[in-house]
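Please look over the model below.

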Amino acid sequence: EIERISNIIRTQDILRRHNFNFKKKFGQNFLTDQNILTKITETAGLTKETNVIEIGPGIGSLTQYLLESSAEVMAFEIDKSLIPILEETLFNYNNFQLVSADILKVDLNEYIQKFEHPDYPLKVVANLPYYITTPILMHLINSKIPFDEFVVMMQKEVADRIAAKPGNKEYGGLSIAVQYYMEAEVAFTVSRTVFVPAPNVDSAILKMVRREKPLVEVKDEDWLFKVVKIAFAHRRKTLINNLMQGFGKEAKPEIEKILLKIEIAPSIRAEVLSIQDFAILADALIKFKK
Ligand code: SAM
């Protein structure tokens with residue numbers, strides 16, 4: 001029987017012995033529920049031929065479960081006071097590499113090469129620091145690293161926004177930015193009582209699987225995301241009003257002509273448009289790119 005770091009008695013003992021104080025600014029909420037940890041690990045589907053990146057190992061509660069799968073795990077932790085703790089709690093795992101760094105500041109391409117088998121499928125599994133969920137996801141996506149999968153815990157509300165489908169009031173720029181590259185679904189929700197300390201929001205595990213190629217083909221990716229941003233600038237305004245705000249009032253007749261041609265009604269709201277619709281819209285509006 002393995003002694004679990006996440007066992008509440010053991011967690012409290014570790015924290016006490018190291019005189020650890022939780023730092024709110026780092027979004028520290030440690031998992032203490034064996035069922036949830038098992039479910040996260042199973043959702044990630046790890047084998048000894050998987051490379052795992054973990055963001056924010058804390059005292060190693062989730063890390064231990066990941067390591068028990070025999071996958072090779074590389075964990076990035078910003079809080080220097082956690083490093084000696086992790087060196088103690090995970091000392092007997094040789095499939096572990098700890099990096100003392102801010103995930104947003106590292107060049108991930110460089111670190112991937114430090115896995116024993118850099119060519120193995122790569123997954124990100126983490127209980128994220130919630131205050132930077134979106135910056136972390138964008139950092140991972142923008143790195144252009146071919147991650148196979150993300151299985152990450154975040155604030156439930158953000159998970160719902162990322163996985164939202166057109167027509168939903170949560171659907172917006174963030175859903176499109178992620179779903180363009182990945183298939184996203186909420187795997188399960190998690191109550192706030194399974195953490196120490198308890199966060200003041202509910203949580204969810206979001207599973208994102210990389211698409212073989214982006215969902216749609218466009219002339220210019222940056223322009224697609226720019227058009228999406230303009231279209232959602234004011235959620236209660238119509239599409240034409242948002243586009244006019246973005247491209248200037250004088251552009252109205254021209255925009256109306258383009259919308260008519262691609263059969264998108266000017267009076268709709270951006271939230272009803274699928275990513276495919278946005279691709280057509282962005283391509284048709286490309287002459288407005290400065
Ligand atoms: N994985 C642990 C668990 O589940 O019990 C801890 C999760 S806790 C929600 C988030 C962790 O991310 C903390 O350990 C925190 O110090 C760390 N963290 C916060 N910002 C970070 C950053 N920019 N880079 C790396 N780690 C960060």
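The points below are grouped by topic.

This is a predicted model, in which local features need pLDDT of at least 70 and side-chain atom pairs count only at pLDDT 80 or more, while totals for chains, interfaces and linings use all residues. Residues are numbered from 1 along each chain as its sequence is written.

**Ligand shell**

- Around the ligand there are 23 residues, of which Phe30, Gly56, Gly58, Asn127 and Pro129 come nearest (near: C-beta atom, placed from the backbone, within 6 Å).
- Two or more residues of this shell come from each of β1 (30-31), α3 (61-68) and β3 (72-77) (DSSP runs numbered from the N terminus: helices H or I, at least four residues; strands E, at least two).
- The shell holds 13 nonpolar, 7 polar and 3 charged residues (nonpolar: Ala, Val, Leu, Ile, Met, Phe, Trp, Tyr, Cys and Pro; charged: Asp, Glu, Lys and Arg; polar: the others, Gly among them).

**Helices α10 and α11**

- The axes of α10 (residues 239-247) and α11 (residues 252-261) come within 10 Å and cross at roughly 135 degrees (axes: lines fitted to C-alpha atoms over the stretch in contact; angles from 0 to 180 degrees between N-to-C directions).
- Ile240, Leu243, Met244 and Phe247 of α10 meet Lys252, Ile255 and Glu256 of α11 (contact: C-beta atoms, placed from the backbone, within 7 Å).
- The residues of this contact are 5 nonpolar, no polar and 2 charged.

**Annotated domain**

- An unreviewed UniProt entry places "domain: Ribosomal RNA adenine methylase transferase N-terminal" at residues 36-212; such annotations may be inferred rather than shown by experiment.
- In residues 36-212 the end C-alpha atoms lie 30 Å apart, and the span is 31% helix and 27% strand.

Technical notes
Contact = placed C-beta atoms within 7 Å.
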